[in-house]
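Please examine the sequence and the three-dimensional structure shown below.

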Amino acid sequence: MTDARGFAAFPPQSAGARFATSWWGRAWIQAMEDTSLDHGLLRKGRAYAKQGLLGPITVSPGRIAAVAESEYDVVVRVEQLTDAAWQRFLDQVAAKAGHIAALLDRDMPHDLVDAAEDAAVPLLPAVGDLEPECSCPDWGHPCKHAAALCYQASWLLDADPFVLLLLRGRGERDLIEALQEREEPVREPSGVPVAEAYAVGVPPLPEPPPYDVVYTPPALAPAPGVDVAALGVLAASASGRARELLRRGRLPELGEYQDRVRLAAEHDLDLGLDAAVQAWRYGGADGLDVLDGSWTPPRRELARAQALLEAGWEGERPPEVEAWRNRWTIGAVQLRYGRDGRWYPFTRREEDWWPAGPPERDPAALLG
C-alpha cells in the first residue's frame with residue numbers, strides 16, 4: 001500500500017511570496033480557482049496560506065489534509081487512478097527514456113502529461129476535480145481554510161511532482177518498482193565475485209579542506225576600465241561565501257539590495273546604507289527584513305511574547321506597550337518581531353528608528 005507523506009507546517013511568508021512557480025503547480029491552482037464561487041474567500045485563503053496559519057500537511061492517496069486554527073479539519077480530495085489508468089500511464093513513462101529521468105529530477109515533462117491525457121489518464125486536476133471539505137462553519141466552496149491548503153499544496157507540488165502522483169494513488173516507490181518489473185530479466189553478470197571485490201578494500205576518503213585558511217587577496221594589476229579595488233572586494237566576498245557554503249551546506253538566497261547591504265556590512269563600504277548595514281550586522285537578512293518592512297504575526301506568538309514580557313518584571317507592573325503589527329514601542333525603545341521568531345531592538349535617532357543591538361527571543365531581555 002502506498003505510504004502517506006507528512007510535511008511540516010509552512011512558516012509565515014512575505015506578502016510578495018508567489019504561489020506555484022512550476023507549470024503543473026499553476027494548473028493545480030487554476031483548477032481550484034476556476035471551481036470557486038467566491039473570489040473573496042480565495043483572497044482570504046491566499047492571505048491565510050502566506051501567514052502560515054495551517055498546521056502540518058499530510059498527503060496520501062486521494063487526499064491532502066491539514067488542521068486550521070488548531071480546531072478545523074481541512075481535506076481536499078482528488079480521484080485516484082484506476083489500475084488500468086495506472087498501467088497506461090506507465091506505458092507513457094516508459095515510452096521515452098527522458099521521462100523517468102525528468103521525474104526523478106523533480107520535473108514534470110509537458111509531453112508526458114499530454115501523452116497521459118491522450119491515453120485517458122488525468123494527472124493534473126481540471127475544473128471540479130478538487131473536492132474541498134472543512135469542519136469550519138463557512139459554506140464557501142472552497143472555504144478560506146481549504147483554499148489556503150490548496151495554495152500551500154502548490155508549493156509542495158513545485159518542489160516534488162511525485163506529490164501529485166501520490167494524490168492520484170501512486171508514489172515514487174510505486175513508479176520505480178513498476179518500471180523495474182517491466183524490464184527484461186537481468187543476465188548473470190560476469191567478472192570478479194562480489195566477496196572477492198570487497199576483500200580488496202576501499203582507500204580512505206581524503207580529509208575535508210580546512211575552513212580556517214587565511215584569505216589572500218589576488219594581486220591585480222591596474223588596467224584601463226577596471227576597478228581593481230572593487231574586484232578585490234568581490235573576490236573576498238566570494239571566498240567568504242564559499243567558506244560558509246562548505247560549513248552550512250547552503251546559503252540564503254539574496255536579492256540585489258540585500259547583497260549590496262551584505263557587501264557594505266562585511267567590507268566596510270560606504271554605500272549610504274548606514275541603518276541597513278547596522279541591521280545586517282546584528283541580524284543578517286532577517287535583521288534587514290525587520291528594518292525595511294512590517295507584518296502581522298499570529299496572535300498566539302504575540303500572546304506568548306506578552307507573557308514573557310510580563311514575567312520579566314517579576315511582579316512589577318510591566319511598561320506600557322504601544323503595539324502596531326510586529327512593532328512594540330516602549331518609551332524610547334522599539335522592539336520589532338522578526339519572521340525568524342526573534343525580537344530586534346531599535347532606538348530613536350532623530351526622526352528614525354535605528355537598529356540598537358542583536359536580537360533576543362525574550363523581549364524582556366532587551367529592556368534590562
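Predicted model: local features only at pLDDT ≥ 70, side-chain atom pairs only at ≥ 80, totals over all residues.

## Salt bridges between separate parts of the chain

Side chains of opposite charge can pair when their charged atoms come close. In this model, the count comes to 12 salt bridges.

One of them joins Glu133 and Arg77, whose closest N and O atoms are 2.8 Å apart. Glu133 belongs to strand β5 (residues 131-134) and Arg77 to strand β4 (residues 72-77), so this pair ties together parts that are 56 residues apart in sequence. Both partners are partly exposed: Glu133 has a relative accessible area of 39%, and Arg77 has a relative accessibility of 33%.

A further salt bridge is formed by Glu172 and Arg106, with 3.0 Å between the closest N and O atoms. Here Glu172 is in helix α8 (residues 172-182), while Arg106 is in the loop between α4 (97-104) and α5 (110-118); the pair therefore ties together parts that are 66 residues apart in sequence. Glu172 is partly exposed, with a relative accessible area of 26%, and Arg106 is likewise partly exposed, at 28% relative accessibility. These two residues also belong to a network of salt bridges that links Arg5, Arg106, Asp160 and Glu172.

## A salt bridge within one helix

Arg262 and Asp259 also meet through their side chains in a salt bridge, at 2.8 Å from N to O. The two residues are 3 residues apart in helix α11 (residues 256-267), which means that about one helical turn separates them.

The partners of this pair can be described by their accessibility. Arg262 is buried, because its relative accessible area is 3% and buried means under 20%. Asp259, at 26% relative accessibility, counts as partly exposed.

Asp158 is found in helix α6 (residues 144-159). Which side chain of opposite charge is nearest to Asp158, and how far away is it? The nearest is that of Arg26, at 6.8 Å. A salt bridge requires the nitrogen and oxygen atoms to be within 4 Å, and Asp158, although buried, has no salt bridge.

When neighbours within four places in sequence are left aside, the residues in contact with Asp158 are Ala20, Thr21, Ser22, Trp24 and Gly25.

## A buried proline in a strand

Pro345 lies in strand β9 (residues 343-349). Is this proline buried or exposed? With a relative accessibility of 9%, Pro345 counts as buried.

Apart from neighbours within four places in sequence, Pro345 is in contact with several residues, including Gln334, Leu335, Trp354, Pro355 and Leu366. Trp328 is 17 residues from Pro345 along the chain, and the C-alpha atoms of these two residues are separated by 9.7 Å.

## The largest pocket

Rolling a probe the size of a water molecule over the atoms shows where empty space is left. The largest pocket in this model has a volume of about 540 Å³.

How many residues line the largest pocket? The lining consists of 14 residues, and those nearest the centre of the pocket are Gln13, Ser14, Glu253, Gln258 and Asp286. Helix α12 (residues 274-292) gives the most to this lining, with 3 residues.

Note on methods. Residues numbered from 1 in each chain as written. Heavy atoms only, no water. Helix = DSSP H or I, 4+ residues; strand = E, 2+ residues; numbered from the N terminus. Buried < 20%, exposed > 50% of the residue type's maximum accessible area, 1.4 Å probe, protein only. Lys, Arg positive; Asp, Glu negative; His and termini not counted. Contact = heavy atoms within 4.5 Å. 1 Å grid on protein atoms, 1.4 Å probe; cavity = no way out; pocket = protein on both sides within 12 Å on 5 of 7 lines; lining within 4 Å. Points joined across faces, edges and corners; volume = space filled by probe spheres on them.
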